[in-house]
Structures are given as structure tokens and as C-alpha cells.
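Me: Could you walk me through how to read this model, feature by feature? I'd like the general idea each time, then the case here.

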Amino acid sequence: MDFEDSPEEARFRAEARAWLDANAKLKTARDAGDPLGEDDKTSLKAAKAWQAKKAEKGYARITWPKEVGGLGGTPMQQVIFNQEEAKYDVANTGAFAIGLGMCIPTLMAYGSKEAIARYVKPALRGDEIWCQLFSEPAGGSDVAALRTRAEKDGNDWVINGSKVWTTGAQFSDYGLLLARTDPTVPKHKGLTMFYLSMKQPGVEVRPIKQASGASGFNEIFFTNVRIPDSQRLGEVGQGWQAALTTLMHERLAVGGGTGGALDVPQLVQLARELELEDGPAIKNAAVREKIADWYVRSAGLKYTTYRTMTALSRGQQPGPEASIAKIVVASKLQDLSAFAMELEGEVGALTGEDGVENGAFQMGWLGAPGLRIAGGTDEILRNIIAERVLGLPQDIRVDKDVPFNKAPTGK
Amino acid sequence: MNFDFSDDQKMLKDQAHKFLSEKCTPKTVRGVYQSGSTFDRALWKQIAELGWAGTAIPEQYGGLGLGYLELCVIAEELGRALAPVPFSSTVYQFAEALLVSGSEEQKQRLLPKVAGCEIIGTLARAEGPGAILPKNIRTTFRNGKLNGKKTAVVDGMDADYAVVLARGSDDAGERGLQLALVDLKQAGVKRRAQQSIDPSRAHAELTFENANAEALGKQGEAWSDLNRVLDRAAILMAFEQVGGADVCLQMAKGYAMERYAFGRPIASFQAIKHKLADMYVGNELARSNAYYGAWALSTGARELPLAAAAARVSATQAFDFSAKENIQTHGGVGFTWEFDCHFYYKRSRELGLALGPQRVWKDKLVTQLELSNAA
């Protein structure tokens, strides 16, 4: 048991580091990092430039085959590259994550040769950005309940409806769309997958102002948007199977951070600085208990990630333990932030320039409800663990065998 | 990255699992509960033959010298089986105390006997409820004689030897403490069996009246030595706790799949599914923290005290939660004597207290964070 690279991994790490040295500078001071999802023209330009540079070397997507611009490498090599890249002061390429992580793999699985030749490389280089158009006002956790219609008209499909919580739609060129093509069959059977240009007439993107005040997501409205049948992915009515391919690729998000910048070290720092009724906060027994509780959760996750990486390093399929991360991180962020505000006392109500540490804990607390919902709510994630990891039966679904247009909606 | 046990270690774990699933079933535990005996002597004898007690004891002291990672995988299986034997007191505490503080002669004399399960050993710390603080230790060790009383000593009725936390001088603080090694089979030692929440882990009160004893380690270093022993024991015991917690989850799952209510298996209700998912999350976090502890223990890393505290807190929380929610998932039958659920409920709390409560370990953990933050 150790944390060392195998000789091959060490060789790859050295290669990656040499390339990064030649193309970027090491981070100097503590870097706050770019807030993701902000429509910032300059940072997007820098991101595209860095992405193109990585793509030339095959580093933009290490596990993809060389023929489509990848490196033909292993998941472990991707993890190693991510670890090394994180040490350098480079543009945040998060804007490409959904396209490359989910949309393009679906296109590669279901698209025509021509479509693959046309779209994969520009996406890999960051020249074109993709977003994922699944969630709807009527279909969040229950995404198969979506209502956006795609109706056949000659050789075209006409799209009407709306999508919501779409990350990055404001700067996306293309979207992967799941739409309902037959409302007279049960919900999972009437869906079809398409892709479409986000710049065409009838597509309207509006930012959503979140409870935190930020705008990282969008709602999208489709009004008589016309797309050719050649932009269909998979068979008509087989959209749910295609969507499962997309969602399966979410699992490869290994080696990233576990909860961002706000965690136990920041709380310990705050507790060292603050004075409470009975002395320094860090000496208060209640504070110490809380710090320890959150520390074992953070450390437990960190070493769970190491276990996952070990499986990758041994060329094995990672175990299901990686599925616990978001449940742990999101609640911890919410509770830890609220507790830090408690320590700050009345001043805890202040944020921004007036807040302690520029309102770091306040921002964490404001963002936490979103983290507990986005990408699978705490409740859906518990269902996933219960069903896919522990093998418990699905809940009884009253709409499963009912035609979609006859299923209860509550409205 | 190689943060997992090796194939050989996994094979050892499988062997231990196979052996214990045959020789130590819940019926074995029930047998100890009902016979009123303090442990299962037949099982202890078979464990002796397997040499498990000597897993991490160096060959020069009669052990197998395999290492701590090997001992960790065995510990997990013992925890899974709720093995009613004096393994943890003898191996994780007594043997470790000898390894940490013992003289060459003491190690030569006693460790081979530990490795062969010829003797049972334990650690005696508490003198009453509440915190164990240097200033509260009243047991004295002077001129080779031990006087005083220790309570809640695990396996105290059966132990041949104990390492006793005592006061060796007039200094009322940490510096005045001394660890004493005492042969319990002598006239100056009286034992009284105490009622334990877990009848398969017997506890005793030990009274020393001019008992002959010898110093273990140096005076003035007793408190820090003892903490080093507890750190090591905490990691090994965390594996027992992780094993027990996993069984609770499997039991709850098995029952929820079979039990029908309102016309469907109760495992299809989200109230049950989410409960089991939470058990899984806690158990995985505990397992990962325990692995890190195993790494620190096997390499003697600087991070060992922090790793030990995290492993201890995480494993205690996981086993407590899984054991109580296992009963809850079973409903009424889970609260009967006849079902096995209560064995785990009792053991989870017994292990959670045996090396000191969470409060103490959380405080240690934050002290380590403060130290590492200051560096």
C-alpha cells in the first residue's frame, strides 16, 4: 500500500509536466479560480486558446482514440494529467466539460461517420462548445417526463418547448437535445435524441437568476425550430437509451476536486482567528467536535478517491464507492458554512467586502442549496446508491406503463 | 497510486473470512451470551493454531512478522464475525504496549507467548466515569508494588497480564505517571466481574493490594507512550468496526428485500432505501479512513496520530449508525433477543467506548490539525 506512481505512470507524469512547463507557468500564489459558467468573453477566449493547445498534443481528451484527436491513453493518465494541470496557472476549460464529457461521446456512439468527422475535432479544440438539453420545468429528477415536442414534418423535425438549468447555453454553439416524439406511448418509449445549432432561428437563451444572485444556468425556449432528420441520434423512440449513454459518461469525472475551496482548513483558520464567549473559538469543545465531524467526511472522501484511482491504476473498473461524493460534499458545504456564520455571530450576516474573508462562507452557504440539487438531487443520488449499488428494488412507478399523455401530472 | 491491499493480503482476508464463517457464526456469539462464560475458548484455541495473534509481531519475538496490513485484514474479519475472544485486548493493546514501551528482555519474555495465544493481556486505564486525566490517576506504583483499583478492564477476568496506568512519583501531572506490567495471577490482585453492555466482551474491576509489578517503559513517558499504543489500537479496532458495520448493512438489506408490508418488499420504500444508502455512505467513508490509518500504521508515518483519530471517529460513527438503523429496518423483530441484531448494536457501542469515547478522539484529531496547520 502506497501512494506512488507505477514506473509507467511516473513516466507519463514527467512527460505531462515537461509539456506543461513548456506551455504554461506554475501557479504562484493562492488562486481563487474562475467562477464557472459566467459569460466572460475574455476568460472564454483564453480557455479556447488553452484547449486548442492541449488538443494539438492529444491532451484535450486523453482516453479518446488518436483517430478522433485523443491520446489513446488510460483513465489513470487522464487523472494524472488533471492533477498536474491543476498546479499550473492556466485558463479554466470547464466550459468544454459537458460537451466533451457527455455530448460528444453520445454523438460518437450514435452519430453518422460524417457527423463525427464534422463535429468531434472542433469540439475537442474548443472551437465549438456544446450544451446538454435534457432538464425541463416538468422533468428534473424525472427527466423522462420531459415535454418538449419534436414533430415530423417531411424530412425535418419541428421542435417546440423549453429546457431549463442548462449550463453554458449562453456561449454554446450546439446542443444535445432529448425531445418527445410520441406522447401516446409510455414516457420512456416516446423520446428521441437530436443535436441542433443553438444559433438558429427560434432558439432563445435566457439566463436564470439563481437564489444566490449569480447566473450560471439558462432556460431555453424553442419556437418552431426546424432540424433535418440527419441530426437525429439513434432510432426514433430510442432516446432514453441514448440518454443513458450520455449519463453513463458522467461517471468518468474522477480526479477532480472534492468540494471546492471551502472546507475544514478554512474553518480551522476562522476558528483560530475568532474569539468566542469562553475564549478562542478553536479551543471551544463544540467547535472542535464539529471540525472533527467534517474532517472525517472530507478525509474519507479524499481517500475514497484514492481507492478509485487505485482501481484505475490497476486497469480495473472503479467500484461504486465514487458515487458517494456529491451527497457528502454538498451537505457538508451547507452545514459547515452555516456553522462558520454562527461563529462570526451578528457579523455573519454580512457578505461581500463587508463580510469576513469577503463573505467566503456566506457565498458557500448561498450556493449550497444549488449543489444539493444540480446533477442529481441528494434524494435521487440516494436512490441511485440504493438501486444500483445495493441492488434494492425500484419504487413503484404509477406512470410506467401508461401512455405519456394519460399519465397523472397534477395540473 | 496503490491505495489498496495486495492480492496476498486479500487472500489472507478471504481465508480468515472462510474460517470465521464456519467457526464463528452468530450462534457462537449467542453461546457466549447464554453460557455466561467470558469468551469462546474453543475459538481462541483455533485462532492460536492459525497464529493470527503474531501477525504483526516481529519474528525475533516469535511472531509471523507479516505486518500491520495483514493484521488489519484479519481485524476486519474478526469484527465482521463479532468474534468473542480476547484478541483486541491481547493483540492491539497489550502486545502493542510491549512493542512501544517494553525492554528487550520483556519483549523476549512475553511477546512469543502472545503470538501463540498462550497468554491473554489487557490494558487497564479507567478508575471511574468521566475523563481519564493524568491528575485523576490514583493507582500507585512504588518500589515494585502496585496499589489501587481499575474499572471496566476488557477481558480483565481472563487476562494473565495487564499493563496498568499508575502514578510512579509524587508529581501529580503527566510526568508522574508510570506504566506497570503486572502478572494478574497473584494474591495481591483481586478481580470482580462487571456487567457489560456487550456480554460477549467481558469486563472486570481489578484491585491491586501490594501486587508485585514491574515498570514498563520510562516514568515521564507513560502518557505519551500510552497514547501511541492507543493510536495503533484505534486503527486496528477501526477495521473491526468497519467489518461489523458492513454486516449490519448486509443484514438490513437482506431483511428489507424479504420482508413485505403494504403489499411490497419494504426495500422498495424510499424511507428504507435512503436509510440504507446513508449506511453505505458512512461505511465507505469509514473504510477509506481506516485504509489511510492502515497505511500510516504500516509505514510508521508522521501522520499516524491524525490518521488514527480520523479512522477511530469515522469507524465509530459508521458502526453506531449501521447497528442502530439495522434494528430499525428490522422493526419489532429486530428488538427481540432471538434475532441477532442486538449483538451488533451492543458490540458497536462497546468498541466505541473501549479505547475512549469520540469526544476524546475528536479533540485529538483537532489538536493534530492545529499542529499541522502551524507547521
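Me: Let's start with Tyr174(A): buried or exposed?

Reply: A residue is buried if 20 or more other C-beta atoms lie within 10 Å of its own, exposed if 12 or fewer, and partly exposed in between, with C-beta atoms placed from the backbone. Tyr174(A) has 23 C-beta neighbours inside 10 Å, so it counts as buried. Before we go on: this is a predicted model, where local features need pLDDT of at least 70, side-chain atom pairs count only at pLDDT 80 or more, and totals for chains, interfaces and linings use all residues. Residues are numbered from 1 along each chain as its sequence is written, while chains are lettered from A and ligands numbered from 1 in the order in which they are written.

Me: How far can I trust chain A?

Reply: Look at pLDDT, the predictor's confidence in each residue, from 0 to 100. Chain A averages 91, and 94% of its residues score at least 70. Two stretches of chain A stay under 50: residues 31-39 and residues 254-259. Where pLDDT is low, the predicted coordinates should not be read in detail.

Me: What does the radius of gyration say about chain A?

Reply: The radius is taken over C-alpha atoms, and the globule rule is 2.2 Å times the number of residues to the power 0.38. For 411 residues, a compact globule would come out near 22 Å; chain A has 23 Å, which agrees. Of those 411 residues, 39% count as buried. The chain's secondary structure comes to 11 helices and 10 strands.

Me: Which residues have the most contacts inside the largest nonpolar core?

Reply: A nonpolar core is a set of buried Ala, Val, Leu, Ile, Met, Phe, Trp, Tyr and Cys residues joined through C-beta atoms within 7 Å. The largest one here has 230 residues, and Ile291(A), Ala162(B) and Leu276(B) have the most contacts inside it. Helix α7 of chain B (residues 222-258) gives the largest share of this core, 20 residues. Setting aside residues up to four places away in sequence, Ile291(A) touches Val264(A), Leu267(A), Val268(A), Ala271(A), Val366(B) and Leu369(B).

Me: How many residues of chain B are in contact with chain A?

Reply: There are 38 residues of chain B in contact with 38 residues of chain A. On the chain B side, α8(B) supplies the largest share, 17 residues. That side divides into 21 nonpolar, nine polar and eight charged residues. Here Ala, Val, Leu, Ile, Met, Phe, Trp, Tyr, Cys and Pro count as nonpolar, Asp, Glu, Lys and Arg as charged, and the others, Gly among them, as polar.

Me: At what angle do α4(B) and α8(B) pack?

Reply: Two packed helices are described by the angle between their axes and the distance between the axes. Axes are lines fitted to C-alpha atoms, for helices over the stretch in contact, and angles run from 0 to 180 degrees between N-to-C directions. Helix α4 of chain B (residues 68-80) packs with α8(B) at about 145 degrees, their axes 8 Å apart. Tyr68(B), Leu69(B) and Cys72(B) in α4(B) meet Ala294(B), Leu297(B) and Ser298(B) in α8(B).

Key: Two residues are in contact if their C-beta atoms, placed from the backbone, lie within 7 Å. Helices (H or I, at least four residues) and strands (E, at least two) are DSSP runs, numbered from the N terminus.
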